Amino acid sequence: MATTYDVVVIGGGHNGLVHAGYLARAGRKVLVLESRPVLGGAAVTEEIIPGFRFSVFSYVVSLLRPEIIRDLDLVRHGLEILPLDGTFTPLEGNYLWRVDDHTRTRREIARFSAADAEAYEDFGRAMVRVCRFVRPFLGAAAPDPTSFSLGDLERLLWLARRYQALDSEDKFQLALLSTSSAVDFLDRWFETDPLKATMSASGIIGTFLGVRSPGTAYVLLHHYMGEIDGTFRAWGFSRDGTGGLSRAIAFGAQAAGAEIRTEARVAKILVRDGRAEGVALESGEEIRASAVSSSLDPRQTFLRLMDSGDLPAEFAENIRRYKFRGSSGKVNLALDALPEFTCLPGVGSHLRGAISISPSVEYMERAYDDAKYGRFSRQPYVDVVIPTLTDPQLAPPGKHVMSCFVQYAPYQLAQGSWDARREEFGDAVINAIARFAPNLPNIILGRQVLTPLDIERMTGLSEGNIFQGELSPEQLFFQRPVGGWAKYRTPVRDLFLCGSATHPGGGIMGAPGRLAALEILKKSPGKGA
Amino acid sequence: MAAANKRVVIVGAGVNGLVAACLLAREGHRPLVLERSDALGGVAVTREFTPGFRASMVAPVAGPLLASVAADTQLEGVEWLESPARVFLPAVDGRGLTLWADEEKCAAEIEKISPGDAARYRETRNALEAMSRFFTALLETIPPAMDDLSNRELLRSGRLGLRLRSLGKRNMLRALRWLPMPAADLASEWFENEALRTAIAARGVFAARLGPRSPGTGGRVLFQTGPWGDPFAPVVAPRGGMGALAEALGRAARTAGAEVRTEVEVARILVTGGRVSGVELAGGERIDALAVVSAADPARTLLQLVDPAHLAPSVLARIRHYRINGSAAIVHLALDALPRFRGVEGNGAPSPALSGKILIADSVDAIERAFDAAKYRKFSDEPFLEATIPTVLDPSLAPPGKHVLTAWLQYAPFDLREGNWEARREDVLRATLRLLETRAPGISSLVAGSCVLTPADLEQEYALTGGHIFHGDLAMDQMFSLRPIFGYGRYLGPVPGLYFCGSGTHPGIGVTGASGRNAARAILANLRRENSHR
């Protein structure tokens with residue numbers, strides 16, 4: 001007779017692992033099932049090119065919730081965050097360089113505009129205040145204004161009270177951040193075009209919208225949150241890549257008693273009489289559990305692993321309508337030497353932070369125009385990092401790895417297929433960087449080009465959307481993933497969602513995994529059957 | 001008290017200014033409406049543009065006017081002509097699609113091209129019908145004060161929430177999901193046929209610096225269709241053109257006790273001791289006032305009429321970032337005969353298919369592409385247009401047998417990166433005729449006269465800053481409580497005694513009179529409050 005679990009968790013991504021960790025800590029008997037040989041989902045480190053280890057997909061850490069680091073004792077389990085300082089934007093004959101040192105950043109921005117240098121500090125302070133207000137949203141389930149249950153009303157009232165206590169100017173910023181485009185928001189603060197272009201990039205990451213599309217200021221805020229939050233002040237690299245972080249979470253979960261199996265691909269969620277009672281693996285093995293939690297996205301969970309007959313028709317319709325629209329790609333390069341930027345030659349600390357190919361707002365917007373009509377950007381926005389400058393073990397001595405996050409790469413191409421056009425896309429990305437660092441093509445020892453289709457195939461993220469679905473206003477808070485079903489529960493009893501497709505959304509944050517666990521524990525506080 | 005006898009001055013006799021005047025007069029005030037032009041109506045004005053041919057110069061049709069506005073103003077003497085067709089989409093290949101007001105007829109027409117969509121149309125129409133009272137209430141709401149969300153305000157928002165709640169869970173969630181969506185997504189959710197989707201997308205971007213893929217354009221669709229319970233907005237205009245509505249409102253305002261003067265331009269709004277004290281006219285004459293209600297656009301009101309010295313820096317910063325650059329040009333054509341559109345059957349009497357809006361746009365993407373040019377402040381190479389032929393229902397606007405066609409051309413950004421609109425007026429006419437020729441071959445040879453209004457002309461001739469017909473872009477960050485600017489979304493301006501009542505306030509979409517009515521309610525409540533404190 002097979003073992004029975006309290007909860008079986010589908011998917012060993014960071015959220016699935018966090019989720020399992022919290023459940024195990026509370027004494028639940030938990031099993032995590034990961035289809036790949038490696039844990040982490042989109043947060044994995046792999047040796048793609050012999051001797052070179054890459055954070056294959058997600059590559060920086062900033063949003064990871066401090067309470068998770070504490071609760072799962074991640075530092076003891078090997079989590080180490082290395083600083084990623086500054087953002088360097090190469091331009092034609094010039095550059096914009098922001099670092100963690102205020103005085104220096106101020107001086108750099110003042111080369112473009114004295115007013116902007118002044119405004120930059122005010123901006124930082126204003127964002128901190130808004131983030132402080134928004135932060136509790138990440139630490140709790142989203143209250144549902146349509147439910148009218150006492151708990152929701154109480155929570156809404158609590159939020160309203162906190163809102164009332166905000167300064168009028170902060171309320172204004174909050175209102176803009178919820179409704180504006182990233183550029184319209186930044187226009188109110190700054191005049192320097194490359195500064196606005198680079199800052200606006202945070203508003204489009206993982207999103208099929210342009211920097212001038214309304215709603216992108218919210219995505220900007222979502223990313224900003226990590227830069228402010230307690231434990232880590234800045235973006236950072238996890239030692240040994242994002243896989244190092246996943247490993248620490250896995251160790252934390254195991255230490256709490258969770259079981260983890262890799263190369264265990266779930267074929268079906270077993271449902272009987274409207275209740276989830278376990279999963280069937282592709283191997284044919286069936287695993288019974290009192291509850292099933294899926295860290296997969298809703299399309300995978302409800303449309304691939306379940307029979308449509310197990311779901312209410314309207315719910316299934318809403319899941320089909322849920323927007324993925326992957327828009328990002330990734331190019332991982334093994335380098336023989338470091339790239340040399342024409343505007344600032346030499347191996348300086350400017351290479352140690354993020355290097356942003358975002359020379360102007362118009363450049364960013366035009367990159368989106370391509371994507372709208374099913375083309376990858378001919379001149380894409382690229383966020384480049386060279387983690388070996390902080391973590392040399394990732395490559396052989398003297399060699400480097402370079403990670404290039406790219407937008408836009410629309411999942412649906414108007415012409416041709418991604419399989420046929422992968423290398424052409426890779427060339428466009430390298431050219432976009434080479435425009436500012438001409439030696440780049442000559443120092444490449446090997447490359448891995450990941451299109452949204454590849455991301456989908458390798459990680460299971462539908463349409464390659466890195467956030468498990470767009471962070472668009474109609475897919476946020478109480479509407480994530482579907483209105484009325486934002487609290488990690490589903491129409492199927494004992495089936496839960498715990499991935500980025502639930503509130504508060506994507507990024508290496510862990511909040512969905514944690515909150516879903518708390519929801520399960522709330523419903524049955526005692527130790528499971 | 002002397003103050004109580006002082007009057008309320010309303011700047012601008014547009015529809016909203018007149019509605020506000022009417023309602024203030026009904027409550028015992030003696031409003032004085034000052035209009036710079038020789039005609040009432042602002043953007044709702046009928047003029048002769050070619051001898052014998054008259055057109056609704058700016059707003060081609062009504063929003064339609066809300067029933068509550070007509071009732072509260074006791075509007076009389078307007079003969080409303082509601083078009084039996086809502087949208088006609090002439091296709092290049094010759095087969096046109098007419099979306100009728102009548103549900104059965106419309107479903108039958110849709111059935112011919114897309115059976116699945118006929119069912120969807122019925123379902124969407126039913127859903128919107130069930131939601132129409134909520135959307136009407138939304139338009140008629142004085143938005144909550146987001147800067148000072150007091151308990152009283154919370155309670156008021158709660159009331160709108162209750163209305164939303166009364167839709168039932170399913171429609172409530174729908175409304176909340178649809179409002180922030182891009183029109184393109186809303187269109188895809190409602191229909192699968194591209195022509196139907198295009199009709200929805202066009203509604204979402206009407207007079208906007210937004211494309212169908214811009215989030216929030218779904219809400220713009222719903223503001224125009226929701227209150228009427230139909231995915232395709234009704235097309236309603238008074239006999240005699242939109243000017244007839246303005247004149248009727250002028251009569252209603254005067255009957256109620258308001259004074260309405262034309263060709264009187266307000267040059268300044270006067271502030272004394274931190275409070276509005278009156279207005280100064282272009283000639284230098286001063287008129288004392290207890291309150292000044294501006295129906296002019298917010299940028300004009302705060303940046304030209306009020307001395308900036310009286311505004312807080314935060315207010316100035318907000319209004320300077322108010323996006324008010326228009327994106328459309330208008331072309332009126334005097335036609336010797338009714339143009340023959342492909343896909344319209346029959347000769348002789350004008351086909352009712354041509355009575356509504358005629359949409360010339362190939363696809364949702366084509367509209368999006370036209371918008372792309374506007375992002376870079378260029379006149380679209382391939383714009384789309386929406387035309388009305390008012391003479392189909394109202395022959396009085398042209399000599400017998402002749403017709404007027406009014407086209408809205410997008411995108412024509414006010415703030416051209418290169419060149420100026422003076423030099424591009426001919427291009428606008430050419431682009432319009434080129435587009436019309438694709439669907440109504442030979443139309444050019446019927447043109448007996450024309451009138452082009454570029455965004456620059458709209459600014460010059462109609463006192464619309466940036467040539468924006470809605471007094472500022474209706475995007476999510478300039479809607480509802482945020483319209484026109486944060487902190488002043490309740491018709492109360494940033495100087496005591498100053499009020500807004502124009503299209504630059506909530507809801508500000510189309511000629512509905514809602515802004516004027518909401519403003520009057522807010523003003524009356526505030527005047528009462530001030531009076532009791534005095």
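Biologist: Which residues touch the most other members of the largest nonpolar core?

Modeller: In soluble globular proteins, nonpolar side chains tend to be buried together. A nonpolar core here is a set of buried Ala, Val, Leu, Ile, Met, Phe, Trp, Tyr and Cys residues joined through side-chain atoms within 4.5 Å. Buried means under 20% relative accessible area, exposed over 50%, and partly exposed in between (1.4 Å probe, protein chains only). The largest core has 157 residues, and those touching the most other members are Met57(B), Leu99(B), Trp190(B), Phe232(B), Leu245(B), Phe341(B) and Leu405(B). A second, separate core of 107 residues includes Ile109(A), Ile205(A), Phe425(A) and Leu471(A).

This is a predicted model: local features need pLDDT of at least 70, side-chain atom pairs count only at pLDDT 80 or more, and totals for chains, interfaces and linings use all residues. Residues are numbered from 1 along each chain as its sequence is written, chains are lettered from A and ligands numbered from 1 in the order in which they are written, and side-chain values use heavy atoms, without hydrogens and water.

Biologist: What is Leu99(B) in contact with, beyond its neighbours in sequence?

Modeller: Contact means heavy atoms within 4.5 Å. Skip the neighbours within four places; among the partners of Leu99(B) are then Val87(B), Leu89(B), Ile110(B), Leu196(B) and Phe232(B).

Biologist: Is Leu471(A) buried or exposed?

Modeller: Leu471(A) counts as buried, because its relative accessibility is 2%. Leu471(A) sits in the loop between α15 (452-459) and β18 (495-497) of chain A. Its contacts beyond four places in sequence include Val219(A), His222(A) and Gly505(A).

Biologist: And where is Glu82(B)?

Modeller: Helices (H or I, at least four residues) and strands (E, at least two) are DSSP runs, numbered from the N terminus. Glu82(B) is in strand β5 (residues 80-82) of chain B. Glu82(B) counts as partly exposed, because its relative accessibility is 45%. Its side chain makes a polar contact with the side chain of Arg86(B), at 2.8 Å. A polar contact is a pair of N or O atoms within 3.5 Å; within protein, one must be able to donate a hydrogen and the other to accept it, and residues adjacent in sequence count only if both atoms are side-chain atoms.

Biologist: What is the strand order in the open sheet of chain B?

Modeller: Two strands pair if DSSP finds at least two bridges between them. This sheet has seven strands in the order β7-β6-β15-β16-β17-β14-β18, with mixed pairing. β7 (97-100) and β18 (447-453) of chain B stand at the edges with a single partner each, so one side of each has no neighbour in the sheet. From one strand to the next, the twist averages 20°. Strands β14 (residues 328-335) and β17 (residues 403-410) of chain B pair antiparallel over eight bridges. There, Leu335(B) has His403(B) as its bridge partner.

Biologist: Which helix lies across β14 of chain B?

Modeller: Axes are lines fitted to C-alpha atoms, for helices over the stretch in contact, and angles run from 0 to 180 degrees between N-to-C directions. Helix α15 (residues 421-439) of chain B runs at about 65° to β14(B).

Biologist: How many residues of α2(B) are buried?

Modeller: Eleven of its twelve residues are buried. Elements covering them include β1 (8-11), α11 (242-256) and α17 (514-533) of chain B. Gly28(B) follows α2(B), with a positive phi near 95°.
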